[in-house]
Every structure is written in structure tokens, then in C-alpha cells.
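Take a look at the structure below. Keep it open while you read.

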Amino acid sequence: MTGALLFYLITSTKNRVASAVKRLRQPKYLISAFVGLGYFYLTFFRSLFLRPSARGGPPMPFSTDVLPLIETGAAILLMIFVLLPWIWPGRGGTGLKFTEAEIQFLFPAPVSRRTLVNFRLIKMQLGILFGVVLSFVVFGRGRFLDHPFFFMAALWGVYSFLGFYSLGTHLVQTSLAEHGMSGFKRQIWTLGALAAVAVSVVVWVKRFILPMPQGADVGIHEISAWVVKVTESGPAYYFTVPFKILVRPAFAADPAAFALRFAPALVIVALVYLWVIYTDASFEEASLERARKLAARIEAARSGNWRSARRSAPKVRRPLFQLAASGFGHTPIFWKNLISVGRLGSMRILPALIGVGVALAAITAKHQGAGEALLMIIGSSAAAMAGFLTLVGPMLIRDDLRSDLLQMDLLKTYPLPGWTILLGEVMAPSAVLAAAQWFLLLIAAALIPSLGRMHPSFSQRVLVGLSAALVLPCFSMIGVLIQNAVALIWPGWVELGKGNRQGIEAMGQRLITIVATLLTLVVAVIPAAIIFGIIYFLGSFVIGTAVMPIAALASALCLLAEAGFAIMWLGRIFDTFDVSRS
Amino acid sequence: MIEIEGLTKNYGSFVAVRDISFSVRAGEVMGLVGPNGAGKTTTLRCLVGIIPPATGEIRICGHSLKTDSIAAKQQLAFMPDEPRLFDYLTVMEHLQFTARIYGISNFQPTANALLDELELRDRSNSLPGELSRGMKQKLVIACGLLHAPSVLLFDEPLTGLDPIGIRRMKSTILKRAQAGAAIIISSHLLHLVEELCDRVLILNQGRKVIHGSLEEIKKSFPELRGDTSLEEMFLRVTGHAEDGTELK
């Protein structure tokens, strides 16, 4: 039976790689793969192939002063990961994941429970090994370590421990729940035990260890020594030692030290493995439910509905406006997409970003101790956010043809001309972006009392704000149109369609699309910028800076005219769009 | 109502549908049958304007789908085998949206009647994610029937429906035909086609093999018995023996 499972694992992996390679026969995937690989090389791997001098100097291993602190910190972090599922229900292990096909073939087959668990653990190892390589590449590529191999081996140990532990925890929690011990009861026990541990550590430190050194002359060396002293003695030692054993091999000085440190780490991993294997808890039902959800997500992603694949179910909220029984043809599409923005939460990121901005402003202002600084920071953050939304917003809010192209069968049956559908499609993201930009510009115009050496008057701020309020939404609309044009003309290059979202080439595709979008945006904006420049230059001789909103209005009209032509053109493409060829 | 003349559709060098001509009159139900890959779905998708034909002319209620597509589509309803719905619109919002697209000013009474007929009334505020497959199928049908189309095209209309739903669906189809709609049903369920359809068009490898009423088709096989079923005729015209094996 093990042979059959190994055959399945090896053949699946081989076929997956083969199909990815086969896809490279298509030029768009090949070019994208080159771009993706180039990006990876320049970002992560380049330094591996360069001489130390070329990559910014020789390796800089952690100093021996800091190492104990890093070890202790990593051990405490690991301990938090271990405790988390018991403190915070729902953050527990992910359980045994099987695909629907695996469940269909393996669960009714004469395969022992232990074989199934082992099969799952072997599959997990593939992910762990990939994670180890990725972590090594991303985090320093050995620059801060004398022996990168020791680091990788220790990472494998830590990841395996966490993976096995996660499964074991899930099985035990499932078993406890079946025996009537709820998540709340578990929490009480865990929190009680943790409180006892914390009290014992505090008492120990108070009685036997000096207080933490403080003062201007205290450096990292003193603090490191104190932390190590706390964790190397008394109850804290016993609570952290298993985790320290797991992380210590990463910092071994030589092979002999590594062997001495890695052996006990392996014992811990083996113990957790045995715990998982011998845990007598049923997993079949939970695996079935998980597989069903996973299959639904995969199906959604394969049919191109990547948003449903990623997100939780939308909630019913009232539409922003009631759809009248009659009117323009584009209005129902606009109405539908506005509902989509509201229910699928494309703009959830905005309050979060504003929240972060305000928090940063508050922190900075606290240090500067000036109310004006707070206003300036909030105002300039809002202005920066408005600019950010103008450029990036069209890529973030995708409640337009990029989503609806998946419903092309339906759209094509509507008795509406293509340009009407296009107009309706681009209106929702444009309107949402415009509302967000106006809100942010209002904050910026009201709150920015000064910008560096500039101290604009209220009327100047109003002029600039009004001009930006006229131009930025049109600019965004052009951006949204470009995104929709790409989706309509080259649907294979946007995140639609079957299984084209993974791998190096998918990353390359995204990079190419972003660069092409920005270039097109620049070209589209040139006429409007020229008009703005001419009117502003000539008008400023007559009425001064008051001409700015007039120049902005003229360039906004230019952008709208461009948008109009683009909508008519794309409408014709939509009318002749052949779903079967895309 | 539906007139097709010389319809051909190819995907690169592969010809999915080759030079098909037929018509469906008002009040007539035509069954479109054929083995997998025969070109049934391609034909239906060309008929509703989802994919453009390579050559040929399609007229819906006298309107050319090529030159007067808006007027033609106004008379059409297509019910695909796989229900495609907007994830974020509720059942009633789907109907509201469809009503506006087709310019139905007072849609509410019709929508309520359809929801009652299809047993969806109590789910009118549910999102598609909360509906079973059969319910989604019913919602697609409700949206399709909302604008009282003159031409109805069904692709496997019984998929996912429970026995009561199947009975209601059959009754709905016949009711629309009696009201004067031209209907095409594409299905592998030959007993359904036999029960509901006045005429049958059998496709095989993109070609029209036979077209006519069941009686006419039977007459073209004089060696068959009088009570021969559509299934037996289907096997015969597609070159299969009674046990389903392919005849050389």
C-alpha cells in the first residue's frame, strides 16, 4: 500500500511539473516565466553568485553577544506558536488535509489509519522542504550565519515540529470536543496553567535574579545577559528548554557542535511524530468537510472566480441605491457592481490604511509634541493616499469586467450594446475611487497647514484641492479602463481563466501587466497634461493661480473624452468578443 | 421564430458545427440531441449570441442575430446547464437586475409568481452561495422567464432538479410552448425529449444527421418496429448497436 501511495505522490509531482513545462510552449507563458525568473534572480539569488565584495561585503554573522538573545527570542516565539491553539480557539492545527479524490480513493480502500496519517505527513514534508529553501533565500541567504546548512537543517526541524504539532493538536482537540470538553473549558485550563507558570517565573526572578539593568550606559550586552540569565535558571528554563533545543542547531559554530545540538532536536521532532501517529482520534469527518471546502475553492479558482476562491461568503447588505424600473442601459450593471464592491469588500483596505495612517500620525505627533504636526501628518497622509489610490486603486478594485468576464455567457445574452455594458462596468470602480479621493482630498485641503517650507493659504489649498478633485477621478477612470481593456483584449493576461495564477510565469505575467498598464496610463495622460500646462501657463498671467481649477477642468474633460472614445472602441470589441477563443 | 441557415462554427482547424440549417416555429418544442462532442452546446451558444458563428445566418423572431442583435436578444432566453449567477446579488436582486436589463417596468408581480412557481419565494433574500444547485438552476430559469421571451433555449434543463422540480419544469416548458414560445431543449435524457418535443434534431460530429418529428424519423427507418423508442433510433442514426457498441 505504501508503494501505491508513493507512486501517487511521485507521479502527481512529476505530472504537475510536466504540465507547467508544457505550458511554456505558449509564448505568453514563456516570456512571463523569463520575467518571473529574472525578478527572482535579481531580488533573491543574485547575491549568491556574486563575490562577497560585490554583494556588499563578507558575511556578517551575529555577534556572540547577540546570539543568546536571538536564540531565546526564537524559542519564546516558538513557544507562543505552540500555546496559541490552546489559548485562541480556531487558531489551532489545520488537521489532516486530503483532497476529495484522495478521500474517495483512500478512505474506502484497505489502508490503515497509520498509513493514511503517514501519507499525509510525507506530503507535508514536500511543503516543509520548499518552505525551508524559501526561508533561507528570503532571510539573508546565509549572510548572517557562518554555516547556512546548519540554519536550513534547524529550520527543517522547527517546521517539521510545528507541522506535526499542528496535526496532533487538531486531533487531540477534536477528540476532546467529542468527549464533551469544549473550547472554552480548554481555554480555562490553559490560561490557568499559563498564569501559574507566569507567577512562578516572576516570583523566581524577584527572589533570585537582579532587576533588569536600566540607564543610559546599559547596552545590548547587559540586556542580553539578563534575559539569558532569566531563561537559563528556575522555572523559565524548564518551560523554554524544548524550544531552545529546537532552535539551537541553527547557531552551531562547527559540525561537532551542530551534531550535538541537532540530535536532541531530532528526538523532539520524533516524539511529536509518534504522538500524532498514536493519537487515537478520528479525523475522517473533519477531513471530509475540509476537502469539500477546498474543492469548492479550487473549483471557483479554476473557473476563474478567484475572488470566491479566496474570500468568505458575502453578506447581504442594502444596495447603495434602489434600481429604478426604467432608465439608461448601463445603470443596472453599475448598480450590480456597486453591490459587489459593498458585499465583497474591495475597499476594506481603505479604512485599514487610514487607520494605520492616523495611528502613525498620532505616534509621530506624540514625539514631536505639537498639534500642528499631527494635522500636517494626517493631511499629508490623506493627500498621499489619494495619489496612491489614483495609481493603484484601479488595480485593487476589480468589480468590473475583470470579474464579470467570468459571466461572459450571461453578459453576451443581454439585449444591450457593448459600449453600454462597458460603461456600466467601469462606472462602479471609478465612482468608488472618486468618492474615496474626494474624501481624502477634503481631509488634506482642510488639515495641511504647511508643507515643508511652503505655507499655503486656505484659498490656495482650496484651489489645489478642487483641481485635484477634478482631475484625479478622471485619471483613475482611465486606469480602470486600461485594466478592463486588458481583460477584454488579452483575457489570458489578467487573473481570469483556468489555473493560470500559480508559478513563476504567473508572477511574470503580473509584472508585465503592471508595467504595461503604467506605460499606457502615462501615454493616455500626456494630452491632458499638455492642455493643463498651456491653460495654466497662459491663464496665470491673467488671473494668477486661480486659473488652476479651470486648467484642471479642461484636462479632466480631455481625459473624459479619451475615456468616451475608449468605451466606444471597447464596446465594439465586446460585441465581437468570441468566448470560445478566449 | 428561430431560423438557422448554414450555421458553421470552427475552433481553429476543428469544425464543431458544420453547415446546419433548421427552423423552429412558434409553439413548437424541438429536441437537440447527439453524443458528447456532437456540437449541441456550440449550436445553442451560437443561437443566443454568446459565440459568433463562422458562417451562416441566425434569425430570432425575424431579427438577424448579426445585424440586429439587440432586438433578437430581447426575445431570447437561454438556460445553460451550469447555473452562472452573481455571487453578491440575492435571488430577488437577480430578478430586479434582469428586469431592468430587459426593460420590464413592473416586474414584481411576475417575479413573485415565478418564485412561487419555482418554490423559491422563501429564499428571495438569499445569496447564491446559500442555495443548492437545484435552487440555482431554478433561479436561472426564473430570470430567463421573467421577460416572457418568445424563444427559449434549454441546455440540460433537468440537471440538479428534484422529482418535484422535474415535474414542474416539464409543465413550465409545455406551458410556455402552449403560450406560443419556440423552444429548443438540448438533453441527453432521450425520454424527456420524447415526452416534450414535437420535433427532434440529431447531431453527430457537428453534422445534422436527421431532423423531423418522431414519426417522420421512424418512417425513415422502415426496418424498425412501430413502438421503437427515440433511444433506439438515436443509437441507429449515430452508428451504434442496441447494446451501445459502435458499429463498424
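## The model

This is a predicted model. Keep that in mind throughout.

## Two helices that meet in chain A

Two packed helices are described by the angle between their axes and the distance between the axes. Take helix 9 of chain A, residues 234-247, and helix 10 of chain A, residues 255-278. Their axes come within 8 Å. They cross at roughly 115 degrees. The crossing of helix 9 and helix 10 of chain A is left-handed.

Which residues make the contact? Helix 9 of chain A supplies Pro242(A), Ile245(A) and Leu246(A). Helix 10 of chain A supplies Pro264(A), Ala265(A) and Ile268(A). Of the residues in this contact, six are nonpolar, none is polar and none is charged.

## Chain B as a whole

Chain B has nine helices and 10 strands. It holds 248 residues, and 47% of them are buried.

Now look at contacts in chain B with a separation of 6 or more. Residues 24 or more positions apart account for 67% of these.

## Helix 1 of chain B

Helix 1 of chain B spans residues 40-47. Why is it described as largely enclosed by the rest of the structure? Eight of its eight residues are buried, so the rest of the structure largely encloses it. The buried residues include Lys40(B) and Arg45(B). Thr41(B), Thr42(B) and Thr43(B) are buried too, as are Leu44(B), Cys46(B) and Leu47(B).

Gly49(B) follows helix 1 of chain B. The phi of Gly49(B) is positive, near 85 degrees.

Definitions and conventions. Residues numbered from 1 in each chain as written. Chains lettered and ligands numbered in written order. Predicted model: local features only at pLDDT ≥ 70, side-chain atom pairs only at ≥ 80, totals over all residues. Axes fitted to C-alpha atoms, helices over the stretch in contact; angles between N-to-C directions. Helix = DSSP H or I, 4+ residues; strand = E, 2+ residues; numbered from the N terminus. Left-handed = near helix turned anticlockwise from the far one by under 90°. Contact = placed C-beta atoms within 7 Å. Nonpolar A, V, L, I, M, F, W, Y, C, P; charged D, E, K, R; others polar. Buried ≥ 20, exposed ≤ 12 C-beta atoms within 10 Å, placed from the backbone.
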